[in-house]
Structure formats: C-alpha cells, structure tokens
Amino acid sequence: MRKFKTLNELEEEYFRKHPEEINDYLTEIFQEYTEDNDSGALLASLRVVARVQGAGENELRT
C-alpha cells in the first residue's frame, strides 16, 4: 500500500529546502490569524516551523 505524505510533512520538507521563506510564512500566518482568529491553524503552522528549525530536539534526546 502506498503511503501519502500529510500536508504538514510536505510543508516541513518545503521549508527545509527553502529556509529563507520562513519569515514571510510567519508574517502570513499571523496576518491570517488576525483576520480569522483560528488559533488551531496558527498553532499547526507554528508547529511546522518549530520542527523545521529543530525546536524541542533537546527534550527528545534526554
């Protein structure tokens, strides 16, 4: 059976290849949040950025 990537996995892969675009992405997701107040979408997007930038890796290794 073929395993498909999730949207989050695709976003992570993209930002690992294009880290210079993360700041613009952050600006965009916060602008969207001010318009729709969707905290779930904001947190999901921030989670992607955190994983790409390695946040939390130290906690996982201990």
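Reader: Is Tyr14 buried, exposed or partly exposed?

Author: Buried means under 20% relative accessible area, exposed over 50%, and partly exposed in between (1.4 Å probe, protein chains only). Tyr14 has 35% relative accessibility, so Tyr14 counts as partly exposed. The model is predicted: local features need pLDDT of at least 70, side-chain atom pairs count only at pLDDT 80 or more, and totals for chains, interfaces and linings use all residues. Residues are numbered from 1 along each chain as its sequence is written, and side-chain values use heavy atoms, leaving out hydrogens and water.

Reader: How many aromatic pairs are there?

Author: Rings of Phe, Tyr and Trp (its six-membered ring) pair if their centres lie within 6.5 Å; planes under 30 degrees apart are stacked, over 60 edge-to-face, the rest tilted. The count here is two aromatic pairs. Tyr14 and Phe15 are edge-to-face, with 5.4 Å centre to centre and 80° between the planes.

Reader: Is Phe15 buried or exposed?

Author: Phe15 is buried, at 6% relative accessible area. Its ring centre is 4.6 Å from that of Tyr25, with the planes at 45°, so this pair is tilted.

Reader: Which parts does the pair of Phe15 and Tyr25 tie together?

Author: Helices (H or I, at least four residues) are DSSP runs, numbered from the N terminus. Phe15 lies in helix 1 (residues 7-17) and Tyr25 in helix 2, so the pair ties together parts ten residues apart in sequence. Tyr25 is buried too, at 15%. Tyr14, Phe15 and Tyr25 form one aromatic cluster.

Reader: Where is confidence lowest?

Author: pLDDT is the predictor's confidence in each residue, from 0 to 100. Confidence is lowest in helix 4 (residues 57-61), at a mean of 53, and highest in helix 2 (residues 22-36), at 97.

Note on methods:
Helices (H or I, at least four residues) and strands (E, at least two) are DSSP runs, numbered from the N terminus.
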